[in-house]
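Please open the structure in your viewer and keep the selection tool at hand.

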Amino acid sequence: MIKQWLQRNLKGDAVLWGIVLMFSLISMAVVYSATGTLAYKQKDGNTEYFLFKHSSLIFIGLAFMWLAHKIDYRYYSRLSLVALILSVPLLLYTFFFGSNINEASRWITIPVINQTFQPSDLAKLALISYLASMLSKKQNNLDDWKRNLLPIFAWTGFICALIALTNTSTAVLLFLTSLLLMFIGRVPMKSLAAFVIAGAMLGGVGLAAGQRLGTAISRVEAFFDESETAFQLEQSYIAIATGGVVGKGPGNSDQRDILPHPYSDFIYAIILEEYGLLGGALVLFLYLALLYRGLVTVTKSNGAFGGLLAAGLSFSLVLQGMINMGVAVGLGPITGLPLPLLSMGGTSLIFTGISIGIILSVSRTVKGEESFSSTSKVTANA
């Protein structure tokens, strides 16, 4: 009976559903451990406060994922431009009037419910959907630079520049994802080279005019400065070194009381400390499995839009995860990117859920569960 209910209500890639469930369980366990002391100090000894809050947000994210996967993915093509236009005033409002946390205005506080919303999450999802839609429609005429490529380049550069005003790492991640999506969508290499140059210039303007130029420069300099290790990285190294192969065990982290943001930016260090190299390898495997299932959806998709959409969202999530984990082990400059599906957060979990729900919606065509019309297959650049 349970199996029949699952088959009736959870469509699409069953393996992807299992991966998300695994991530959710790991996330609840690690966030509970990472926030135990913080909750005890801030919530009068209620060490379960952040566990219940984070678990609620996970279930909300899963609910959005379920809703997104029930919608015909072609509707996202129609909504993408509307969402993209809506994200522009939201990003500008956030820059000028947003809630300032850690010297950056990245959030808008929603009245009544008193919860924060990060417009860059909406802009990221909207831009990837828009690019997939436009590239799929222009597959046979991508040499017409002014008519077909200019709108794509303009929107990408503009949105990334707006995000760069307050969030450098997210802007760079979105730019790289967009570049990869254009490559998969067969944009000529000469045009891509021009896009990289123009995008770097626009991003530089956004960074210079925004709030994070000094922080970005200092973090890059600190990464290349071998004479001194940043405090966050030093504590992350201690967590990783003391975790060993099998870890200290769930709830036994010592660095959670010292390491800044152990429940978000550096949650991977806590995973390595408590669950060791084996736990870290499992998380890495799950991200690679997520990417693999996304690429399976791409290769079997009936239409160009579905394939490009699944590819863009899959690469965006996994690339962000790789960057976060790379930072924790010292392979890149410190960023403020959360670990998708694992870090504590509100809008991040919700929009991640929507993104995976859209991939699942595309994967329904693989199993023939929906009768969507076919268009050209997605092929990569030679």
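Select Arg293 and Asp13 and display their side chains: the two meet in a salt bridge, with 2.8 Å from N to O. Arg293 belongs to helix 12 (residues 267-300), while Asp13 sits in the loop between helix 1 (2-9) and helix 2 (14-34), so this pair ties together parts that are 280 residues apart in sequence. The count of salt bridges comes to four. Please bear in mind that this is a predicted model.

Where the domains meet, 34 residues from domain 1 and 33 residues from domain 2 take part in the contact.

How much area is buried between domain 1 and domain 2? The value is about 2800 Å², and carbon and sulfur atoms give 74% of it. Now select Phe305, Leu308 and Phe351. These residues supply 25% of the area that domain 1 buries against domain 2, more than any other three residues.

Remain at this boundary and consider the polar side of the contact. Between domain 1 and domain 2 there are zero salt bridges, but four residue pairs are in polar contact.

Select helix 13 (304-328) and helix 14 (347-366) next; each supplies at least two residues of the side of domain 1 that touches domain 2. Helix 13 gives the most to that side, with 13 residues. Which kinds of residue, nonpolar, polar or charged, make up the side of domain 1 that touches domain 2? They divide into 19 nonpolar, 15 polar and no charged.

Finally, colour the chain by confidence. The protein chain averages a pLDDT of 86, and 92% of the residues score at least 70. Select residues 368-382, where pLDDT stays under 50. For this stretch the model has 33 contacts beyond four places in sequence. Where pLDDT is low, the predicted coordinates should not be read in detail.

Methods: Residues are numbered from 1 along each chain as its sequence is written. This is a predicted model: local features need pLDDT of at least 70, side-chain atom pairs count only at pLDDT 80 or more; totals for chains, interfaces and linings use all residues. Side-chain values use heavy atoms; hydrogens and water are left out. Contact means heavy atoms within 4.5 Å. Buried area is the accessible area (1.4 Å probe) that two parts lose on being put together, summed over both. A polar contact is a pair of N or O atoms within 3.5 Å; within protein, one must be able to donate a hydrogen and the other to accept it, and residues adjacent in sequence count only if both atoms are side-chain atoms. Helices (H or I, at least four residues) and strands (E, at least two) are DSSP runs, numbered from the N terminus. Ala, Val, Leu, Ile, Met, Phe, Trp, Tyr, Cys and Pro count as nonpolar, Asp, Glu, Lys and Arg as charged, and the others, Gly among them, as polar. pLDDT is the predictor's confidence in each residue, from 0 to 100.
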